[in-house]
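Student: Before I plan any reading of this protein, I would like to go through its structure with you step by step. Could we take the surface, the interior and the charged pairs in turn?

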Amino acid sequence: VEFARWNALSRVEVDRQGQAKAIVIDADAQTYIMNCDLAHWHGSEWEHNLMSGPPALANVLRPRGEFAIIGPGGGVDVLRAVANGSPSVTGIEINPIIADTIMRGRYADYALHLYERPEVHIHVTDGRSYLRSTPQQFDVVQMTLVDTWASTAAGAFALSENNLYTVEAFREYFGHLKPDGMIAITRWEFRQPREALRVVAVAMEALHSLGVANPARNFIVASQGPLNEDGIPVVVLAKKTAFTAEEESAVRAHFARYAELDPLYLPLEHLPSEPAAGHNPFEDLIASNDPYRFAQSYAYNVAPVSDNAPFFFFTLKAGQVLGQQGLRHGVDWKVNLGVLVLILVLVISLAAVLGFLILPLALQGGRQSPLPLLYFVTVGLGYILVEIAFIQRFVLFLGHPTYALTVVIFLLMLSSGAGSLFSRRWLPRTEMAWMPITLVIVALLVDVFFLPGWLEAWVGLGLDWRIVVSGLLLAPLGFVMGMPFPTGLRALAAGPVFEVPSGASGEDNAVEWAWAMNAAASVLGSVLAMVIAIQFGLTVTLACGVAAYLLALLLLPALRPRRA
């Protein structure tokens with residue numbers, strides 16, 4: 001390790017690997033720093049190594065095109081584009097340590113100032129926000145192996161979704177292409193394809209939404225060698241218009257020059273009208289022209305993903321989640337491990353709540369109805385469901401999961417604390433507790449229907465303005481969400497409405513039990529929110545939060561003080 005630094009996004013280091021230097025992100029993903037002298041490109045080992053990779057097909061078809069490269073890292077795609085004659089290469093790198101500290105700072109000389117060349121334009125932001133804000137059109141929008149699975153392996157699902165691989169994202173990529181432009185997405189692939197195959201499914205659905213009825217001639221797919229082992233890079237080229245015979249001939253000529261490359265799908269080859277045995281999954285998927293129907297019968301979940309459920313890398317079906325094969329084989333074992341961690345956390349949390357709360361309450365409980373404590377369960381469940389749904393929803397808007405976690409949690413905690421404090425004056429009588437819950441329900445219903453559209457319209461703003469907009473959207477909601485819990489506690493303390501297990505002093509401790517049930521609901525709800533989001537999407541998760549607050553509103557009469 002020659003260099004290491006943390007920032008809010010990740011840990012980045014530069015490792016010396018023989019004669020090369022590689023940028024390593026979160027001790028997981030890596031990208032080599034290019035130090036090729038372009039004056040000696042032709043006929044060099046650099047040319048062979050870079051042009052024999054699947055992403056090079058974009059340079060073969062658009063050698064002098066204008067490129068937009070999302071996640072350029074150490075400059076592999078940038079160098080290849082410049083070397084092939086591109087007059088303009090726009091690199092969109094979200095991590096300033098990589099773009100500024102390494103490539104234009106400490107290692108600029110080693111990289112031969114690649115990122116400071118006149119035809120190279122580097123922007124430090126997230127890819128979709130930049131594309132949304134620029135009017136520029138490109139010949140190629142390219143992404144090569146953009147991911148890091150470090151957080152997923154730890155079960156940190158609020159950090160693991162990726163909004164770069166959704167149908168809405170692909171529509172934006174297509175929208176920023178020139179009439180004959182293409183997207184070039186490279187993913188790792190396996191003996192039984194699932195990642196690059198899902199890229200095809202997402203692109204197909206995006207093309208359908210843009211009015212392309214049958215995009216069978218709009219794809220070219222190639223791999224670096226046969227898919228006889230896991231971890232093979234595969235490129236998916238997709239256009240809004242059909243690939244021409246001349247373009248396919250150029251690709252075939254490139255295959256003939258570089259034996260390392262294998263075609264997986266070429267548009268002019270004969271395809272059956274329906275999937276048939278003997279064809280690889282890419283051919284079958286494109287021939288089906290229905291990615292959802294194809295995914296139903298395929299071994300893995302390769303259905304298109306949307307911004308509502310942007311879990312592109314989770315390709316396991318329900319019956320495969322607890323299987324051992326996914327954990328022992330395949331380079332995506334970290335994703336599969338993350339799913340298992342999520343399930344284990346849910347089981348452990350549920351067992352703890354049952355063992356330490358529900359069982360003692362059932363064995364030693366009083367004679368009155370448990371509805372008052374159920375109110376605190378619903379309030380805690382509703383709050384955490386809303387919070388998790390907003391964290392996931394704001395990932396795309398703010399550009400990175402870390403920003404979403406920080407901004408959403410900070411704003412909700414601060415505004416909810418202020419609401420709790422203010423509730424003493426605004427709600428002096430506990431009979432008025434219905435007011436903040438009603439406001440929460442109304443506000444959340446508005447968010448269910450309109451928040452995605454609002455965030456989509458404003459995602460092109462600068463980061464500072466997006467944080468301001470986040471505050472305007474979240475702070476008022478958090479303010480009223482902070483009122484139901486303390487108001488309920490005051491109502492509970494005002495009279496003996498529920499007999500619960502007594503403490504060591506023999507006094508009723510209903511308030512303590514209310515705290516405990518609320519906290520238990522928050523723990524279980526945080527895991528449950530991710531399960532709902534993965535299975536049904538963020539809109540359903542937020543709707544479940546609305547349902548929890550609606551149930552809390554119905555339970556309010558149970559908190560009214562009654563004399564024993």
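**Surface, cores and charged pairs**

Tutor: In this predicted model, a nonpolar patch lies on the surface and is formed by Val442, Leu445, Val446, Phe449 and Phe450, which together have about 480 Å² of accessible area.

Student: Which helix holds Val446, and is Val446 buried or partly exposed?

Tutor: The helix that holds Val446 is helix 16, which covers residues 434–458. Buried requires under 20% relative accessible area and exposed requires over 50%. Because the relative accessible area of Val446 is 32%, this residue counts as partly exposed.

Student: How much confidence does the model carry, and what is the mean pLDDT of the protein?

Tutor: A pLDDT of 70 or more is reached by 87% of the residues. Over residues 270–278, however, the pLDDT is below 50, and this stretch has nine contacts in the model beyond near neighbours in sequence. Where pLDDT is low, the predicted coordinates should not be read in detail. For the protein, the mean pLDDT is 86.

Student: Which element gives the largest share of the largest nonpolar core?

Tutor: The largest nonpolar core has 67 residues, and among those with the most contacts inside it are Tyr375, Phe376, Leu444 and Tyr549. Elements that give two or more residues to this core include helix 13 (333–364), helix 16 and helix 20 (538–555). The largest share, 16 residues, comes from helix 14.

Student: How many residues are in the second, separate core?

Tutor: Among the members of this second core are Leu227, Tyr298, Phe312 and Leu316. In soluble globular proteins, nonpolar side chains tend to be buried together.

Student: Where does Ile98 lie, and is Ile98 buried or exposed?

Tutor: Ile98 is found in helix 4, residues 96–106. Leaving out residues up to four places away in sequence, Ile98 touches Val12, Ile23, Ile25, Gly73, Glu93 and Met103. Since the relative accessible area of Ile98 is 2%, Ile98 is buried.

Student: How far apart in space are Leu346 and Val527, C-alpha to C-alpha?

Tutor: Leu346 lies in helix 13 and, with a relative accessible area of 25%, is partly exposed. Apart from residues up to four places away in sequence, Leu346 touches Leu524, Val527 and Val531. Although Leu346 and Val527 are 181 residues apart in sequence, their C-alpha to C-alpha distance is 5.9 Å.

Student: Which residue forms a salt bridge with Arg62?

Tutor: Arg62 sits in the loop between helix 2 (56–61) and strand 5 (67–70), whereas its partner is in strand 9 (residues 177–189), 118 residues apart from Arg62. The closest N and O atoms of the pair are 2.9 Å apart, and the partner of Arg62 is Asp180.

Student: How many residues apart in sequence are the parts tied together by Arg128 and Asp307?

Tutor: The side chains of Arg128 and Asp307 meet in a salt bridge, 2.9 Å from N to O. Both Arg128 and Asp307 are buried. Because Arg128 lies in helix 5 (residues 127–133) and Asp307 in the loop between helix 11 (291–297) and helix 12 (325–328), the pair ties together parts whose separation in sequence is 179 residues.

Technical notes: Residues are numbered from 1 along each chain as its sequence is written. This is a predicted model: local features need pLDDT of at least 70, side-chain atom pairs count only at pLDDT 80 or more; totals for chains, interfaces and linings use all residues. Side-chain values use heavy atoms; hydrogens and water are left out. pLDDT is the predictor's confidence in each residue, from 0 to 100. Contact means heavy atoms within 4.5 Å. Patches are made of residues with over 30% relative accessible area and no salt bridge: like charges are joined within 9 Å, nonpolar side chains (Val, Leu, Ile, Met, Phe, Trp, Tyr) within 5 Å. Accessible areas come from the Shrake-Rupley method with a 1.4 Å probe; for residues, only the protein chains shown count as cover. A salt bridge is a side-chain nitrogen of Lys or Arg within 4 Å of a carboxyl oxygen of Asp or Glu. Helices (H or I, at least four residues) and strands (E, at least two) are DSSP runs, numbered from the N terminus. Buried means under 20% relative accessible area, exposed over 50%, partly exposed in between (1.4 Å probe, protein chains only). A nonpolar core is a set of buried Ala, Val, Leu, Ile, Met, Phe, Trp, Tyr and Cys residues joined through side-chain atoms within 4.5 Å.
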